[in-house]
Amino acid sequence: MSQMPHVTERQPVTRTCPFDPPAEYRTLRDEAPVAEVTLPDGATGWLGSRYADVRAVLADPRFSARRRQLRTGGPPADAPAPPPAPGMFIMMDAPEHTRFRRLLTGQFTVRRMRQLAPAVERIVAEHLDAMAAAGGPVDLVQTFALPIPSLVICELLGVPYADREEFQRNSATLVRLDAGPEEVRQAQAAMNAYFHRLAADKRAEPGDDILSGLVRSGELTDDELAGVGGLLLIAGHETTANMIALGTLCLLRNPGQLAALRADPSLMDGAVEELLRYLTVVQYGVRRTALEDVELGGRRIPAGSLVVAVLSSGNRDADQFPDEPEQLDVGRTSRSHLAFGHGVHQCLGQQLARVEMKAALSALFARFPDLRPAVPVEDVPMRDDMLVYGVHELPVTW
C-alpha cells in the first residue's frame, strides 16, 4: 500500500455549472482518487472520487454507516459520532440495520411501486391541469415537483397530506447545511412528536399503509416508529422533488436531448437513469467510518477515519462511463450509476422515484411543448446550501 504525501486541500464544493459537480473532482479522479482532505464541516477525512472506490466503500462492512452528519456550527467536527437515534437505520450497521431493512423491504417491492404508477399519473395530471388553469409563469417546484412526491409518500406512509406545511418546514431545516444545533434539535423534536401522534392513531385505527403495517408487526417501539416514519417521509419527497425540478431545467438547457425524448418517448426510462447519473443530487457524498485499517485505492485508511464516497464524482468516471460521461445523453444504456448508493444501504425507494420521475417528466413536456424558464437561468436559485441539491424555485412559463 502506497503512502503518498498528505493532501491538504478542502473537499471541492463550488460548482462552475449548475448541472456538474465541482470541476476539481476530474483532477482528483486522475491524480489522487483517494485523497485526505479537510471536509466542509472542518473534519479531516478521505475522499473516494472514482466509481470503483465509491462502490467499494459502500459495499464493505469494514466501513461503518455510523458517522457524524455534515453540519456547520455543530459539535467539534472530529468528535465521536453519537449513537444513531431510534429508527435512524441509515446510520446503523448489521444486525440493527438488518432488522429495520427486513421490515421495510417488503413494503417497497418493485411490483408494488409499479402498481402505484396509475395513481402517480393521476396526481401528475391533476397538477398539470391546475398549472394550465393558473397560466404561467408559475414556480414549478411549488406547483408540480414538490407536491407530487409529497402526495405519493404521504399516501404510502399513511400521513395526512394536509399536514405538509409542518413536515416540509421541518424537513427543510434538517437538510440545510447551515441549520444551527438548536434549529436542528427543534425540527427533530417536532418531527418525532408528530410521528408519535400518528403511531397512536394507527394503533387505534390501522389502515392499509406502511406505518400501519409497521405498527401491526409489533417489532418497533414508538420511538423507532417515529424515527423510521420521519426518515421515510423526508427521503420520500426531498430527493425526488429536486430530481424532477432539476431534471426539467437540465432538459430545457439541453434542447437536443429534449428533442430526442419527444421524438421517441420510449427513451424515457433510460433518460430517467441518465438524469439520475448526470445530476446526482446527493451532492456531498455518503459518509462512512473505517472500523479497522483498510486499503482503498492503494491507500491505507487508518481505523477510525472518516471516509466520503462521492457519488456525483463516481457517476462521472470515464472508466465506468466511457462515452463522454460529462455529457447528458438520454440514449445512454448504462444503468450502473450510483445515484441511489450501493450495497446494503442502497435507497429503499428507488423504484418509486423512477415511477414518479418518468410520470412527471413525460407528462410535463407532453402537456407544455413550449415550456421554458421564466427568468434567466443564472437567476434560478440553486440549493448549494442543502444536503440534497436542486433548485429552491424554478419559474417557468409556456
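Select Arg287 and look across to S8, where the bridge partner of Arg287 is Val308. This is a predicted model, in which local features need pLDDT of at least 70 and side-chain atom pairs count only at pLDDT 80 or more, while totals for chains, interfaces and linings use all residues. Residues are numbered from 1 along each chain as its sequence is written, and side-chain values use heavy atoms, with hydrogens and water left out.

Next, select residues 286-290, strand S5, together with residues 306-309, strand S8. Four bridges join S5 to S8, and the two run antiparallel. Strands (E, at least two residues) and helices (H or I, at least four) are DSSP runs, numbered from the N terminus. Two strands pair if DSSP finds at least two bridges between them.

**The whole sheet**

Now widen the selection to the five strands of the open sheet, in the order S1-S2-S8-S5-S3. The pairing in this sheet is mixed. Its edge strands are S1 (34-38) and S3 (63-64), each of which pairs on one side only.

**S2 and its neighbors**

Which strands flank S2 in the sheet order? S1 and S8 do. S1 and S2 run antiparallel and are joined by five bridges. They form a hairpin with five residues between them, and Gly42 in the turn has a positive phi of about 95°.

Return to Gly48 and look the other way, to Ala309 in S8, which Gly48 stands opposite. Here S2 and S8 pair in the parallel sense, over four bridges.

Color S2 by burial, where buried means under 20% relative accessible area, exposed means over 50%, and partly exposed lies in between (1.4 Å probe, protein chains only). Four of the five residues of S2 are buried, so S2 is largely enclosed by the rest of the structure.

**The helix across the sheet**

Select residues 51-59, helix H2, which lies across S1, S2 (44-48), S3, S5 and S8. H2 runs at about 125° to S8; axes are lines fitted to C-alpha atoms, for helices over the stretch in contact (heavy atoms within 4.5 Å), and angles run from 0 to 180 degrees between N-to-C directions.

**The cysteines**

How many disulfides are there? With a disulfide taken as a pair of cysteine sulfur atoms within 2.5 Å, the count comes to zero. Select Cys17: the nearest cysteine sulfur, that of Cys250, is 8.1 Å away. Cys17 counts as partly exposed because its relative accessibility is 22%. Finish at Cys347, where the nearest cysteine sulfur, that of Cys154, is 17 Å away. Cys347 also counts as partly exposed, at 31% relative accessibility.
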